[in-house]
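Visitor: I'm new here and would like to learn how to read a protein model. Could you walk me through it?

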Amino acid sequence: MTSAKKTMLSAIQPSNRLTIGNYLGALKNWVKLQHDYDCIFFSVNLHAITVRQDPAELKEQTYRAIATYLAAGINADEATLFIQSQVPEHAELAWVLNCFTYMGELGRMTQYKDKSAKQGQNIPAGLFSYPTLMAADILLYRTHLVPVGEDQKQHIELTRDIAIRMNNLFGKDLFQIPEVYIPPVGARIMSLQAPTSKMSKSDTDVNASVYLNDTDDQIRKKVKRAVTDSGTEIAYDEEKPGVRNLLNIQSALTGKPIPELVAAYAGKQYGHLKVDTAELVVEAVGPIRNRTDELMKDHGYLEKILAKGAERARTRARTQLKILYDRIGLVNPNG
Ligand code: AQP
């Protein structure tokens, strides 16, 4: 272990430009938690290729994701920051875990069922074994805590099952058993166009998401066009998912409780809510976008940070792999 703090690990797929959903649901919390935990943050580009990606865009988005983490306030001296494909131990451990994971377990994963149903024919094997790569991401670093949303809990459960199975076979201390971490302030940001579905960076409707590199104008237009509901009263109501979403965005950005926000809108109309929300989003996204753009122009600086992060990650990952290889009878790279 490199630190007395508990290890926390989290990552985002560079499957498109990041959204305010990724910011409010993940990045903003990472920035807050980075001092309290031994944090490992990375961009999971090996996961991203489980669906077809344009090679040039994938590369650009991977670097942009790292630049965005830094622009949002991640301190690369404190947290370990890297790109998944620069630490080949992830793919190496995933192979070993595949050999100790059952087809039935992988077939039960909701994400696999959903994504393969969407895909129809020619489902890549990578989509099926995605959870073992995620388990490798986590188990390589003796991770204690993984902050995830409801949709990813099943994958953490599977990671625990695999780790416990292998600990029973090869020694109780082989892997650290990770726990799901529910951040104290969590936000689930919904699509601006279909507010009963999650805002997703790979949504084909660009108006459904605010991307972290949208211009101020684009942000204002998207928020103003957000689907709201019938009626005029601004209430935090199950029946008003569009209004709820805008209130949730405001609350996540300002830290103000929902009842306080609702009270301030008494007698006002949806238009007011949209204008205020748009301005708050512009205020939050603007500096991140501008700083990200600056960092993207300085590839040398990014490469330096990434090389340092990957080296730190590889040292830790190799230590875990050496223990594993010795226990299961694989010859280590240095014998
Ligand atoms: N809408 C959201 N609200 C709150 N949190 C969100 N996250 C994503 N969307 C929202 C959080 O961002 C982190 C990384 O997510 P990911 O990219 O690894 O996977 P995802 O959840 O599948 O994100 P997307 O944007 O929906 O990606 P695509 O479209 O590529 O599948 C997680 O912590 C997630 O909770």
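Predicted model: local features only at pLDDT ≥ 70, side-chain atom pairs only at ≥ 80, totals over all residues.

Visitor: Which atoms of Lys 201 and the ligand come together, and at what distance?

Guide: Look at the side chain of Lys 201: one of its polar atoms is 2.4 Å from a ligand oxygen. For Ser 202, a side-chain N or O atom lies 2.4 Å from an oxygen atom of the ligand. With Gln 13, look at the backbone instead: a polar atom there is 3.3 Å from an oxygen atom of the ligand.

Visitor: Now the helices, please. What describes two packed helices?

Guide: Use the angle between their axes and the distance between those axes. The crossing of H6 with H7 is right-handed.

Visitor: Which residues make the contact of H6 with H7?

Guide: H6 contributes Gln 111, Tyr 112, Lys 115 and Ser 116, while H7 contributes Leu 127, Phe 128 and Tyr 130. By class, four of these residues are nonpolar, two are polar and one is charged.

Visitor: At what angle do H1 and H3 cross?

Guide: Helix H1 covers residues 20–33 and helix H3 covers residues 55–72; they cross at roughly 60 degrees, and their axes come within 9 Å. That angle makes H1 oblique to H3. Here, too, there is a handedness to read: H1 passes H3 in a right-handed crossing. On the H1 side you will find Tyr 23, Leu 27, Trp 30 and Val 31, which meet Thr 68, Tyr 69 and Ala 72 of H3. This contact has six nonpolar residues, one polar residue and no charged ones.

Visitor: One last pair. How do the axes of H12 and H13 cross?

Guide: Helix H12 (residues 270–297) and helix H13 (residues 299–328) cross at roughly 90 degrees, with axes that come within 5 Å. The two helices are therefore roughly perpendicular to each other.

Visitor: Which residues of H12 and H13 meet?

Guide: Leu 295, Met 296 and Lys 297 of H12 meet His 299, Tyr 301 and Leu 302 of H13. Sorted by class, the contact of H12 with H13 has four nonpolar residues, one polar and one charged.

How values were computed:
Residues numbered from 1 in each chain as written. Heavy atoms only, no water. Left-handed = near helix turned anticlockwise from the far one by under 90°. Helix = DSSP H or I, 4+ residues; strand = E, 2+ residues; numbered from the N terminus. Contact = heavy atoms within 4.5 Å. Nonpolar A, V, L, I, M, F, W, Y, C, P; charged D, E, K, R; others polar. Polar contact = N/O pair within 3.5 Å; in protein donor to acceptor, adjacent residues only side chain to side chain. Axes fitted to C-alpha atoms, helices over the stretch in contact; angles between N-to-C directions. Parallel < 35°, antiparallel > 145°, perpendicular 65-115°, else oblique.
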